[in-house]
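Open the model in your viewer and keep the selection tool at hand.

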Amino acid sequence: MTPNDSGRILSTLERGVATLTMSRPARRNAFTTAMMQGLREAVEKVLPDPACRVLVLRGDGGSFSAGGDVHEFSQSLPLDPTARLATFRALVENWVNPVILALRHAHQPVLAAVRGDCVGYGFSLMLASDVVIAAEDALFSTAGIGLAQPGAGGQSHFLVRALGERRARELMWSARRFDAHEAKELGLVERVVPVDEFDAAVAAEAARLAAGPRHGWAEIKRLLNSSGQPLAQQLADEAAAFGRCAATRDFAEAVTAFIERRKPGFEGR
């Protein structure tokens, strides 16, 4: 594999919208280890930036991501089983899991913009996002079992929470491909749009999120992440979140705008 084949992560930040683009279009943005490392570095750099009010994940060209690069995986076959175990466990622990956790713990909304293949690790990134806009050409698969693997990146967690255990098992055991309309019916994506409207729809949704009450988005995200805990603790956490939001400038602006019968202008403060 030449350096140019290893792919890269492109990063931009404009008007509060940070965009990370998985760029290896000749291989449908399949992740090499170098790309996994690059994505972790990019996520950990952009999320702490106060100028970032929303994070958009997308692929370069006609696909989101075809998952891990199986050709690179094949280079591990000469290793003995113990060495392969250590290699792939470290791969997931060092480069996949930190990204998934960062997306879920991010103060900002995370928007996945999905075209074409959304498979394996790409599918996990989509599941870890807060909002998904899919083009009509999007195709999804858990993918792992095709390589005699269970999958990684939180698939078992997100799918059970979204679909229940039996439906999650069906998708993970079959690794079947399903289209954007079925993904919407399952509740895994929020919107499906024609390909020729895709970029405009993504830009509009990113702008809407960036212009919204940043701390309000973050508190909702935090509360939904913890929603499996006992009710009394969830109620206490809601009260604390309500209080924190009431102390923000955005709350004061929202109340004032309501009284004045105008649209609020949020600053994310």
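This is a predicted model: local features need pLDDT of at least 70, side-chain atom pairs count only at pLDDT 80 or more; totals for chains, interfaces and linings use all residues.

Leaving aside residues up to four places away in sequence, Cys-118 touches Phe-64, Ser-65, Phe-123, Met-126, Leu-139, Phe-140 and Ser-141. Cys-118 belongs to strand 5. Is it buried or exposed? With a relative accessibility of 0%, Cys-118 counts as buried.

Next, select strands 5, 7 and 8. They form an open sheet of three strands, in the order 5-7-8, with mixed pairing. Strand 5 (117-119) and strand 8 are the edges; each has a single partner strand, so one side of each is left without a neighbour in the sheet.

Zoom in on strand 5 and strand 7 (residues 139-141). The two run parallel and are joined by three bridges. Look across from Cys-118: Phe-140 in strand 7 stands opposite.

Bring in helix 4. This helix lies across strand 5, strand 7 and strand 8. Its direction is at about 85 degrees to strand 5.

**The aromatic pairs**

Show all Phe, Tyr and Trp side chains. How many aromatic pairs does a search of the whole structure find? The search finds five.

Start with Phe-31 and Tyr-121. Their ring centres are 4.8 Å apart and their planes stand at 55 degrees, so this pair is tilted. Phe-31 sits in the loop between strand 2 (17-23) and helix 1 (33-46), while Tyr-121 is in helix 4 (residues 121-128), so the pair ties together parts that are 90 residues apart in sequence. Check the burial of both partners. Phe-31 has 0% relative accessibility and counts as buried. Tyr-121 is buried too, with a relative accessible area of 7%.

Move along to Phe-123 and Phe-178. This aromatic pair is edge-to-face, with 6.2 Å from centre to centre and 90 degrees between the planes. Why does the pair tie together parts that are 55 residues apart in sequence? Because Phe-123 lies in helix 4 and Phe-178 in strand 8 (residues 178-179). Phe-123 is buried at a relative accessible area of 0%. Phe-178 is buried as well, at 2%.

Phe-123, Phe-140 and Phe-178 make up one aromatic cluster.

**A charge over a ring**

Select Arg-169 and Trp-173. The charged end of Arg-169 sits over the ring of Trp-173, 5.8 Å from the ring centre.

**Strands 2 and 3**

Go to strand 3 (residues 54-59). Five of its six residues are buried, and the strand is mostly covered. Strand 2 runs parallel to strand 3, and six bridges join them. For one example, pick Met-22: its bridge partner is Gly-59 in strand 3.

**The two domains**

Finally, zoom out and colour by domain. The domain assignment gives domain 1 (8-211) and domain 2 (214-260). How far apart do their C-alpha centres lie? The separation is 28 Å. Show the contacts between them: 15 residues of domain 1 are in contact with nine residues of domain 2.

Key: Residues are numbered from 1 along each chain as its sequence is written. Side-chain values use heavy atoms; hydrogens and water are left out. Rings of Phe, Tyr and Trp (its six-membered ring) pair if their centres lie within 6.5 Å; planes under 30 degrees apart count as stacked, over 60 as edge-to-face and the rest as tilted. Helices (H or I, at least four residues) and strands (E, at least two) are DSSP runs, numbered from the N terminus. Buried means under 20% relative accessible area, exposed over 50%, partly exposed in between (1.4 Å probe, protein chains only). A charge sits over a ring if NZ of Lys or CZ of Arg is within 6 Å of the ring centre and within 35 degrees of the ring normal. Two strands pair if DSSP finds at least two bridges between them. Contact means heavy atoms within 4.5 Å. Axes are lines fitted to C-alpha atoms, for helices over the stretch in contact, and angles run from 0 to 180 degrees between N-to-C directions. Domain bounds come from an automatic or database domain assignment.
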